[in-house]
Amino acid sequence: MKKILVIDDEDQLRDMVQVALSQKGYEVLQAVNGVEGVQIAREALPDLILCDVNMEKMDGYLTLSSLRNDAPTASIPFILMTGLADNAGMRYGMELGADDYLAKPFSVEALYAAVNARLKKAMVLREQAEQKLADLRDNLSLMLPHELRTPLNGILAYGEILMTDAATLRPSEIAEMGQVINESGRRLQRLIENFLIHAQLEVIGGDAQKVAGLRGRQTVRARRVIEDQARLQAEIASRSDDLRLELADVELAISEEYLSRIVSELAQNAFKFSSAGAPVLISFAEEGSYGVLMIRDQGRGFSTEQLSRIGAYMQFERRVHEQQGLGLGLAIVRRLSEIHGGSVAISGRKGAGAEATVRLPKAR
């Protein structure tokens, strides 16, 4: 049974709402003012709150603000009831986090409609959150064992052979094993680096002073950084002939390290998810007060639904396509761009390639 809390200093209105909602099978709680309402909400955690705006002790706006600033009650749908539904008041309530308004006097039908709409929306949001959590668990359960064990197995297996049979191995065999160990180690290194960078960026993003410090850094030779990293990723993928570069000279307000990381992640994805022989275009141009980096491939692309779900630890169709990594690359690119005052747009169609466009502020 859904619980609904009614906060209003009018006894008659509270009783009317309780009778009406009880007939629909809801459990209704009452509070005579905001102070009492906040206390009941924290104890009972109702599924929906109906709250009057004008009340003594604590009005509806303060009640709403108090509940939104408290983690257990922050997401409870909240409907403000008022006889003075002016635009300024409604806008202020929405800025505080109100989900809807009911203008007094209201009919029972209007009450039912508002309550049903808010509860239905809350249910949809909860189902979406649960699905995202299930997807995250699924991705992690598929990714982590594979990403940790595969390179470790290579390192341990060849390391053991070198320890026990080194005297019987030809130099070429030793060199081949050394190469596998090196590649496996680098794969583990990249995995750990991405995890640490993503965690670091989440911390930095909440510190205004650190963000300001990052935005004060510059890359004077952005073209060289982009070209060097693009050629490196093309060489690693054995696809140097597929790389196409169209680069302008633009100075950016971002460090060389972070610009290189952005190019590295996007270029690596472009080569990873497209076939050998298909061109990968990397362009860099000036557009107003921004430098615009664009990387386009002709790979398998994204569906509309996949584009909406891009985030950390998210990979798509991993059971179908062999992949490496934890899906952190695009999340790191997006966070780096946002922290530096820029933006990222990912577009494309299923089977028709993908295009990533990064806008970063120019150096002052």
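Ser238 sits in the loop between α8 (222–236) and β6, and it has a positive phi of about 55 degrees without being a glycine. Ser238 is exposed, at a relative accessible area of 66% (exposed means over 50% relative accessible area, buried under 20%, partly exposed in between, with a 1.4 Å probe and protein chains only). Helices (H or I, at least four residues) and strands (E, at least two) are DSSP runs, numbered from the N terminus.

This is a predicted model, in which local features need pLDDT of at least 70 and side-chain atom pairs count only at pLDDT 80 or more, while totals for chains, interfaces and linings use all residues. Residues are numbered from 1 along each chain as its sequence is written, and side-chain values use heavy atoms, with hydrogens and water left out.

- Most residues other than glycine have a negative phi, and most peptide bonds are trans.
- Leu45 is another non-glycine residue with a positive phi, about 45 degrees.
- Leu45 lies in the loop between α2 and β3 and counts as partly exposed, with 40% relative accessibility.
- The peptide bond from Lys104 to Pro105 is cis, with omega near -10 degrees.
- Pro105 belongs to the loop between β5 and α5 (108–165).

**The parallel sheet**

- An open sheet is built from 5 strands in the order β2-β1-β3-β4-β5, with parallel pairing (two strands pair if DSSP finds at least two bridges between them).
- β2 (27–31) and β5 (100–103) are at the edges with a single partner strand each, so one side of each has no neighbour in the sheet.
- From one strand to the next, the twist averages 20 degrees (axes are lines fitted to C-alpha atoms, for helices over the stretch in contact, and angles run from 0 to 180 degrees between N-to-C directions).
- β1 and β2 pair over 5 bridges, and Ile7 stands opposite Ala31 in β2.
- β1 and β3 pair over 4 bridges, with Ile49 in β3 as the bridge partner of Leu5.
- β3 and β4 are joined by 4 bridges, and Cys51 stands opposite Leu80 in β4.
- From β3 the chain crosses through helix α3 (residues 60–68) to β4, and this β-α-β crossover is right-handed (with the strands pointing away from the viewer, the path from the first strand over the helix to the second runs clockwise).
- Strand β4 (residues 78–82) is joined to β5 by 4 bridges, and Thr82 stands opposite Ala103 in β5.

**What covers the sheet**

- β1, α1 and β2 make a right-handed β-α-β unit.
- Helix α1 (residues 11–22) lies across β1 (3–7), β2, β3 (48–52) and β4, at about 170 degrees to β2.
- Helix α2 (residues 34–44) lies across β1, β2 and β3, at about 145 degrees to β2.
- In β3, 5 of the 5 residues are buried.
- Both faces of β3 are covered, with Leu48, Leu50 and Asp52 buried on one side and Ile49 and Cys51 on the other.

**A buried phenylalanine**

- Phe284 lies in strand β7 (residues 280–287) and is buried, with a relative accessible area of 2%.
- Leaving aside neighbours within four places in sequence, the contacts of Phe284 include Ala222, Ile226, Leu247, Val250 and Leu293 (contact means heavy atoms within 4.5 Å).
- Phe284 and Ala248 are 36 residues apart in sequence, but their C-alpha atoms are 5.7 Å apart in space.

**Whole protein and confidence**

- The protein has 11 helices and 10 strands, and 42% of its 364 residues are buried.
- Of the contacts between residues at least 6 apart in sequence, 68% join residues at least 24 apart.
- The accessible surface is about 19400 Å², with 52% belonging to carbon and sulfur atoms (areas come from the Shrake-Rupley method with a 1.4 Å probe, and for residues only the protein chains shown count as cover).
- pLDDT averages 84, and 85% of the residues score at least 70 (pLDDT is the predictor's confidence in each residue, from 0 to 100).
- Confidence is highest in strand β6 (residues 243–247), at a mean of 96, and lowest in helix α10 (residues 304–308), at 47.
- pLDDT stays under 50 over residues 303–309, where the model has 12 contacts beyond four places in sequence.
- pLDDT also stays under 50 over residues 312–326, where the model has 58 such contacts.
- Where pLDDT is low, the predicted coordinates should not be read in detail.
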